[in-house]
Amino acid sequence: MNRGLRQEYDENGYVIVRHAIDADLAKETAEHVHWLAERNPGVRPEKFGHDMLVRDPFMHRLVGDPRLVDIAEEFLGPNIAMWAAHYIAKPPKHGQKVLWHQDGSYWPLEPMEVATIWLAATASTRENGCLRVLPGTQNNRLLSRSEMQDVPDGKNVLASGIHPSQIDDSHVVDLELQPGDVSVHNPLIIHGSHSNTSDTWRIGLTLRYIPTSTRVKRESDRAILVRGNPDSRNSNQYAARPSYDSAVHMPFRGMDAWMPA
């Protein structure tokens with residue numbers, strides 16, 4: 001156990017791990033977004049969600065990378081699943097903002113035991129709309145979805161957020177990351193991000209890891225088991241290991257291990 005990592009997370013609600021993965025894998029992750037964008041021209045790259053990714057062998061390879069799973073194990077123990085992946089890829093000049101929110105307000109999990117690993121595939125900076133957090137707010141109560149403000153203007157990644165009157169951003173921290181760095185944040189911490197008006201992409205991947213003892217209350221969801229064993233006390237569903245198909249999937253390093261037997 002990395003006690004310093006866990007202590008900082010418990011105190012602030014987040015922690016940064018530099019060089020969590022190598023630069024080549026981070027670059028490949030960014031390439032995956034561009035590959036998806038070419039094949040899904042009607043979908044904004046901030047919306048490349050789990051349903052699009054859960055049957056993709058590159059995503060399985062990435063979320064099961066031992067370096068990322070080792071980080072998740074620091075917070076969750078030895079039996080781990082990746083419940084939901086989501087690229088929030090902000091294109092230059094018009095990348096959407098993310099309103100202030102707590103992740104747990106949206107998630108069908110019981111108990112709310114989650115470690116979100118936010119992976120930087122490109123540099124994530126103040127200029128291109130990096131993740132921003134309000135340290136200590138992980139100690140706030142979790143707001144219900146009905147307590148949040150709807151903002152259905154199509155300009156935000158989320159169509160809702162915490163009302164501005166409830167936000168004190170005087171101690172906000174901008175989580176600036178380089179490719180391959182990750183941040184880990186608590187499901188109750190209040191966070192968001194500005195839009196990207198810069199000339200560069202900001203590509204991030206959120207990976208929501210849970211202990212397999214956490215129950216996913218939406219039966220249609222398929223998690224990816226990355227370490228240990230499922231928990232027989234719940235009925236969580238797990239995605240099958242996909243096979244690589246050159247007609248359907250992006251080529252990637254190590255894809256031979258995903259070829260059909």
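This is a predicted model: local features need pLDDT of at least 70, side-chain atom pairs count only at pLDDT 80 or more; totals for chains, interfaces and linings use all residues.
Strands S3 and S11 pair in the antiparallel sense, over two bridges. Within it, His101 stands opposite His191 in S11. In general, the strands of a sheet pair through backbone hydrogen bonds, and the pairing can be parallel or antiparallel.

S3 and S11 belong to an open sheet of four strands, in the order S3-S11-S6-S9, with antiparallel pairing. What stands at the edges of this sheet? The edge places are taken by S3 and by strand S9, residues 173-174. Each of them has a single partner strand, so one side of each is left without a neighbour in the sheet.

The protein chain has five helices and 14 strands. Along the principal axes, its C-alpha atoms fill a box of roughly 55 × 45 × 35 Å. A compact globule with 261 residues would have a radius of gyration near 18 Å, and the protein chain agrees with this, having 18 Å. Of the 261 residues, 53% count as buried. How much of the contact in the chain joins residues at least 24 apart in sequence? Taking contacts between residues at least 6 apart, the share is 83%.

The other sheet to follow is an open one of six strands. Its order is S1-S10-S5-S12-S2-S14, and its pairing is antiparallel. The edge strands here are S1 and S14, each of which pairs on one side only. From one strand to the next, the twist averages 30°.

Helix H2 lies across S2, S12 and strand S5 (115-120), and runs at about 70° to S2.

The next topic is charge. Side chains of opposite charge can pair when their charged atoms come close. The structure holds 21 salt bridges. One of them is formed by the side chains of Asp22 and Arg253, at 3.5 Å from N to O. Why does this pair tie together separate parts of the chain? Asp22 lies in the loop between strand S1 (14-17) and helix H2 (23-39), while Arg253 lies in the segment after strand S14 (224-227), so the pair joins parts that are 231 residues apart in sequence. Asp22 is partly exposed, with a relative accessible area of 27%. Arg253 also counts as partly exposed, at 43% relative accessibility.

A second salt bridge joins Asp199 and Lys93, whose closest N and O atoms are 2.7 Å apart. This pair too links distant parts of the chain, 106 residues apart. Asp199 is in the loop between strand S11 (191-193) and strand S12 (202-211), and Lys93 is in the loop between strand S2 (80-90) and strand S3 (98-101). Are Asp199 and Lys93 buried or exposed? Both are exposed.

A further salt bridge is made by Arg39 with Glu38, and here the closest N and O atoms are 3.4 Å apart. Arg39 counts as partly exposed, at 45% relative accessibility, whereas Glu38 is exposed, with a relative accessible area of 63%.

Asn156 has its place between strand S7 (149-150) and strand S8 (160-161). Asn156 counts as buried, because its relative accessibility is 8% and the limit for buried is under 20%. The side chain of Asn156 is joined to that of Asp153 by a polar contact of 2.9 Å. Leaving aside residues up to four places away in sequence, Asn156 touches Lys47, Gln96, Lys97, Leu99 and Val151.

How values were computed:
Residues are numbered from 1 along each chain as its sequence is written. Side-chain values use heavy atoms; hydrogens and water are left out. A salt bridge is a side-chain nitrogen of Lys or Arg within 4 Å of a carboxyl oxygen of Asp or Glu. Buried means under 20% relative accessible area, exposed over 50%, partly exposed in between (1.4 Å probe, protein chains only). Two strands pair if DSSP finds at least two bridges between them. Axes are lines fitted to C-alpha atoms, for helices over the stretch in contact, and angles run from 0 to 180 degrees between N-to-C directions. Contact means heavy atoms within 4.5 Å. A polar contact is a pair of N or O atoms within 3.5 Å; within protein, one must be able to donate a hydrogen and the other to accept it, and residues adjacent in sequence count only if both atoms are side-chain atoms. The radius of gyration is taken over C-alpha atoms; the globule rule is 2.2 Å times the number of residues to the power 0.38.
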